[in-house]
Every structure is written in C-alpha cells, then in structure tokens.
Amino acid sequence: MADILSLKESVLVYLDRSGGLLKLTEDCKPFNDRHHTEAVYRFCISVNPSDVIEVDPELGDCILRHPIKATVLFQSVCFLAIKTLSLIDKIYTESQVNVILNLSHLPPFPEYTMDLSSFPRGYGRMRPVSMEGLVIAMTRVTKYTQGARFLCIDDDCPCSAGFHHIRVHAPGATESATVGENFSCMMCSCPLKEDVKFRVLGDKQLVELIHVKALNGLSGHQHSSLRHQSVTLFLRDELCNSVRIGQVYRVLGIPVHVHQWPNITWSVEANSVQPWEPERPHKVSVGFQELLKATASSPWRFSAIVAHCFALDVAPPGFYNTLKLGLLLSLVQSKADAKDTFHNLDFLVVTTDTLIPDRLMSFSLNLASRGVRHQAPGEMFASLSRDEHGAGTANIHAGSALLATGGICMLGDLGCYKKEKLDAIQSALEIGTVSLFIPGKKYGEDSDQQLLLPLQCSFWALTDASQRTGRAECAVLGAAEMGAVPVKLGDAFGLVIQCKDIGEHGQLAQTVHTLQQAVHPEKPLYSSCWEFSTQDYQELVAYARSLQVEISASAEKLIHGYYMASRRVRTQNEGVKMSVTSIKLLISLAEAHCRLCLRTRVLEEDAVIAVILCENSVTLRHGASALVIPPDALFLCDVGELEGLHRRDTILDKLHQNILRFIYAYAPGADSYITEE
C-alpha cells in the first residue's frame with residue numbers, strides 16, 4: 001500500500017511540474033453543463049517518459065512496462081484532483097474518470113521497438129512499442145463504446161442506482177467486452193443491466209500497416225521469397241483520420257490480442273501517430289563532386305555526362321540519352337515540399353521497340369524514393385472490401401498509384417490496357433485525384449459516399465508506335481504515331497519523349513552489350529574517365545531531390561514568354577490549345593534540371609532545357625510550329641568526348657537565341673523584357 005501511495009504522489013508531482021493539472025482544469029470546464037450528465041468523462045494526458053523517470057524511476061518503469069497499471073494510478077490521482085478542486089460536481093466514483101496516457105516517445109532500445117518484418121509476434125507482454133510502417137488499407141470511421149453504466153436488477157441492492165458499475169474500453173477489448181450481457185453485481189451477484197441512455201460513444205478507425213520493404217517486391221526488379229504480413233492498427237477518437245493511404249508513419253502503440261471466438265487476432269492499439277520518412281543518404285560521391293568541378297564552366301555539361309553514363313548495365317553509352325535524362329529529371333523532381341504539395345513529373349515514351357526503354361525505366365524505378373510497377377490486370381487506384389474485424393464497414397485498399405505515394409508509378413506499355421483503364425488514367429492525370437464510390441447499403445451506411453483520394457506520384461508509361469492507328473493527326477508535320485494512346489491522353493502526360501529506331505549499328509551494339517553483360521557481369525564494359533556505380537546514382541538522386549530551389553527572374557521570363565508565344569502561334573495557326581498546365585510542366589522541368597545539376601537557383605539555361613523538351617513533346621503530339629527544334633536536340637553530339645561537349649554547348653546557345661527570337665516575335669509585350677539584339 002505504501003508503494004502505491006508513493007507512486008500516486010509521484011504522479012501528482014509530475015502532473016504539477018508538466019502542466020498536466022492546469023490542462024486537467026481546462027478540460028473539465030466543458031463538462032460542467034447542468035443539463036448534461038455522462039457516465040464516463042474522458043481525459044487525455046500527455047506523458048513524457050524521460051521526464052517521469054527524472055521524477056520517479058519506478059513510476060517511469062511502470063508506464064513503460066505496465067501501462068494499464070500506470071493508467072489506474074493516473075486515474076486515481078485525477079479523480080482526487082477533480083473532487084478536491086471541485087472541478088466537476090457530477091463525478092461520484094473513480095471509475096467515471098477515463099484516463100488516456102499519450103506517450104511522447106519511447107526509449108530508443110530494441111525492447112521498445114518492433115520490426116513489422118520480423119516474426120514471431122505477440123508473445124510479449126502488453127506494453128508500448130514503436131513501429132514504422134506503410135498504410136495500405138483503412139476503413140471509414142465508425143463508432144465504438146468508450147464507456148457504459150450498468151445497474152443491478154435487484155432494487156434493494158445499493159448498486160441499483162448511482163455509478164458503481166462503470167465499464168470502459170480497454171486495449172484489446174471487443175465491443176461485447178464493454179457492453180456485454182453476462183455481467184453480475186459485485187455486491188449481490190445479481191445480473192447487471194445497462195443504462196443505455198448513459199452510453200458514451202467514440203470514433204474508431206482500422207488501418208492496415210505493413211513494412212516499407214514490402215514494396216520492394218512491387219518494383220518488378222527485385223525478386224524475393226519473403227512474404228510480408230500486414231498489422232491491424234486501431235485508431236480511436238482524436239487519432240481517427242490522422243493517416244492517409246500510401247504514407248509512412250511511426251506509431252507508438254500497445255500490441256494486444258483481440259478475442260473474437262473462435263479466433264484470436266493480434267493487433268495494435270495506437271497511442272500516437274507521427275509521419276515518418278526513412279533516413280536517406282544526403283551526400284554526393286567523390287566521382288560526381290569531381291565531375292561537377294570539371295564541368296563548372298558550362299551549365300549544361302554536368303547533366304549531359306550524368307545522363308550519358310547512366311544505366312550502362314542496361315544499354316551502351318550514347319543510346320537513349322534523352323530518355324535517360326528524362327528519367328533522372330523525373331526522379332529528382334518527384335517529391336513533396338514542406339507544405340505537403342507534391343511536385344510530379346509524368347512522361348510518356350513513344351518507341352517502336354519497347355524492350356530496352358522498358359528495361360531502362362525498370363532500372364530507374366529502383367532509384368526512386370518509392371517505386372511501384374503496376375501490372376495491367378491489377379488495381380491501379382483503390383478497391384473496396386468488407387471489414388473483417390466486426391465493424392462491417394468499407395475497407396479501402398490502396399492500388400499501385402496510392403502505394404507509390406511520394407515516388408514513381410510505372411504503368412508499362414499502355415497498349416496492354418483497355419479503353420476504360422486508359423480513360424481512368426487520363427482523368428487521374430488531369431485532375432490529380434481519384435474518385436471512389438462507396439455504396440452505403442452494401443457497407444452498412446445510411447447513404448452512399450463519394451471519396452476523393454489525392455494522387456501524389458509521378459507516372460511513367462510507354463507506347464508502341466508500331467501499332468499504328470491511322471489517325472489523321474499524324475499527317476501533321478513533325479507529329480509522331482503514338483500507337484494505342486489517344487492524343488488527349490498524351491496531352492495529360494504532358495512530357496512525351498520519342499525513342500527513335502537505333503538502326504542496325506545500334507542493334508548490334510546492344511546485342512554485344514547484352515552478351516558481354518551476361519558473360520562478365522562484374523567487368524566494366526566501357527573504358528571512360530568517368531565511372532559511376534548504381535550506389536553513386538542513388539546518392540546523387542537522393543541528394544538532388546532534397547535540394548530547395550528558387551527560380552530566377554530571367555528563367556521565369558523565358559518560361560512565361562515561351563508559353564505566351566507558343567500559345568498564340570499554336571492557337572491561331574493550328575487550333576491547338578496550350579493549357580495552363582504547360583507552365584507547370586515547364587517550371588517542373590527547369591527545377592528538375594537545376595536539381596540534377598546540384599544547384600539551388602534555377603538559371604535561364606535550365607529554362608532552355610525545359611523549353612526544348614516541352615517543345616519537342618508538343619511537336620510529337622500536334623506537329624511543328626514557328627519555333628523549329630530538331631528532334632533529340634539535347635544530344636545531337638557524342639557527349640562522351642570533350643569535342644562533342646563543346647559542339648553541344650554551341651548548339652544549345654544557338655537554340656537559346658532562337659527561343660528568344662521566337663518570344664520576341666510572338667509573345668505579347670515581350671519587347672518590354674527582351675531586346676531585339
């Protein structure tokens with residue numbers, strides 16, 4: 001008894017020092033409505049285990065190892081404080097005080113950490129642990145019983161009135177454990193009957209959490225025999241709607257066994273939920289640092305060499321350089337900023353041979369912060385099922401696009417998709433959200449519901465141009481055959497990159513490359529002064545993605561001027577409407593090139609790269625305009641040699657001047673910021 005009193009004194013001291021008593025006083029004020037009486041009054045108390053251990057190590061150990069016992073101690077102290085200070089007159093018994101301890105953190109020791117990929121689970125005691133995982137499914141918010149009042153059926157028993165029998169929800173308890181029918185009076189052993197008008201309801205939501213490594217099997221590149229099992233997470237009251245499908249969170253919770261005869265389910269009662277990002281390398285290899293110094297004289301050379309030397313495991317140098325550059329730009333640009341606004345860079349590859357472009361995209365997918373390869377028969381956005389934990393509500397499962405949140409969703413060859421799927425992809429690209437219809441009658445709701453789920457990933461896709469459709473639009477000068485992809489879908493992607501036929505010489509080089517790679521997988525195939533490993537590129541992409549960039553006034557004027565001039569020319573002469581999203585694409589390309597070059601300020605030269613890629617993309621879809629940009633203009637020379645880099649700089653300088661002349665001639669008011677000279 002003396003130990004219990006000592007612990008209660010320590011609880012009181014901690015509440016006084018941490019401001020918990022003051023918060024308790026404020027939380028009691030809303031309950032002083034004379035016309036409203038409840039059986040249970042719920043209070044959330046923030047607890048910092050480190051501060052508690054400084055006050056009383058034994059109390060700190062109790063909180064970390066015996067959370068239910070610690071909750072009872074805080075409940076007793078809070079009840080005494082409420083009665084002593086006369087905070088709520090309608091509380092008569094200690095059982096009416098429902099205390100929830102919200103832990104700020106846990107000690108960084110293995111015994112307080114749970115790896116969702118490890119087994120077995122569920123054999124330890126019920127104590128709080130920390131875990132990180134990806135949300136792959138979640139239910140709608142439903143109700144559960146926080147607490148209920150029971151009365152003895154014997155009128156002569158003192159427990160037939162008052163608040164002697166109060167039952168509150170405990171971690172791991174089912175609804176029947178709180179409001180069941182087989183309870184008896186502790187005084188006379190007569191059956192108890194619930195006073196339904198005093199039942200207190202709360203919100204409940206179920207979430208499926210899985211280890212982030214489970215997505216490695218969805219990238220389409222790494223094959224493993226490992227199988228990952230999700231964990232059911234119970235979110236209650238203020239924690240409801242605190243997570244989103246596809247995001248990663250760090251959860252503090254108590255593992256429990258939920259008994260639903262004849263089954264026992266292992267799950268976790270969440271105590272706190274915080275967004276979490278895995279630690280990634282924020283450094284650049286020595287090789288790239290030396291390359292950056294060697295190419296400092298030109299704002300275009302670093303990105304050219306980086307693209308030229310990229311993915312040499314898949315294709316020999318000098319081939320598919322524009323595609324490689326586009327892949328790298330999308331990788332460094334696909335990220336969410338501090339305001340949770342996602343910056344994406346979607347693109348569509350048009351080619352007559354999909355094998356090597358598909359391999360390049362699959363190879364690049366492993367450099368993304370999160371990469372998911374969608375299989376055509378699978379669910380792309382979201383699907384519904386009935387909850388299996390007794391609630392009967394709709395359980396929303398993430399599709400490939402939602403699982404790729406914050407990264408890349410690779411769609412593969414669009415020729416494998418039906419028209420309905422292509423229409424859904426076009427709608428998702430244009431709106432940035434996906435609509436999910438939940439029939440209320442089927443899932444126990446009063447009415448039907450329509451959910452809008454935000455899409456925060458970049459989409460990669462390719463189309464086989466050899467599957468000719470015979471569209472009349474392809475007769476326009478410069479326009480390319482896009483296979484099974486409608487023009488509007490190509491417009492929705494924004495950036496379209498054409499990979500032309502590499503010819504017999506290229507096919508021979510690719511064949512030799514593949515054979516040498518199979519026979520000597522560890523041997524360098526090409527002698528060059530610049531050699532970079534896949535790990536080097538992973539570090540480069542991660543570091544470039546983390547850079548915060550700002551756009552310069554000159555780059556902004558070039559982008560704005562090109563958009564206005566191109567919109568005027570194409571609308572008047574070709575009837576092609578340049579949407580406002582074109583500006584977003586131009587800015588994204590310029591920022592991505594700036595990041596790839598490891599700069600923090602977008603230069604006018606970055607905007608030139610963006611304009612060339614964008615103009616080539618529009619030309620492939622709608623034909624050429626007054627601004628003539630040659631196909632594959634970024635890699636007309638062999639950038640593997642110094643002389644080729646010089647020629648490339650000269651070509652890009654000329655294209656820069658052509659863009660300025662185009663703006664000066666066609667953009668309204670361009671003469672105010674561009675001189676004729």
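By a cavity I mean a set of grid points where a 1.4 Å probe fits but cannot get out. In this predicted model, the structure holds two such cavities of 30 Å³ or more.

Let me take the largest cavity, which has a volume of about 50 Å³. Its lining consists of Gly20, Lys23, Leu24, Asp27, Cys44, Ile45 and Ser46. Both α2 (20-28) and β1 (41-47) supply at least two of the lining residues, and α2 gives the most, with four. By class, this lining divides into three nonpolar, two polar and two charged residues.

The second largest cavity has a volume of about 30 Å³. Thr139, Leu206, Val207, Glu208, Asp387, His389 and Asn395 line that space. Strand β7 (residues 200-210) contributes the largest share, three residues. Here the classes are two nonpolar, three polar and two charged.

I turn now to the nonpolar cores. The largest has 87 residues, and among those with the most contacts inside it are Phe288, Val306, Leu328 and Tyr537. Helix α18 (residues 604-622) provides the largest share of this core, nine residues. Beyond its neighbours up to four places away in sequence, Tyr537 touches Phe288, Val306, Cys309, Phe310, Leu328, Leu367 and Phe532. A second, separate core of 64 residues includes Met131, Val135, Val231 and Leu403.

Finally, I come to Leu192, in strand β6 (residues 192-194). Leu192 counts as buried because its relative accessibility is 11%, and buried means under 20%.

Conventions
Residues numbered from 1 in each chain as written. Predicted model: local features only at pLDDT ≥ 70, side-chain atom pairs only at ≥ 80, totals over all residues. Heavy atoms only, no water. Buried < 20%, exposed > 50% of the residue type's maximum accessible area, 1.4 Å probe, protein only. Core = buried A, V, L, I, M, F, W, Y, C linked by side-chain atoms within 4.5 Å. Contact = heavy atoms within 4.5 Å. 1 Å grid on protein atoms, 1.4 Å probe; cavity = no way out; pocket = protein on both sides within 12 Å on 5 of 7 lines; lining within 4 Å. Points joined across faces, edges and corners; volume = space filled by probe spheres on them. Nonpolar A, V, L, I, M, F, W, Y, C, P; charged D, E, K, R; others polar.
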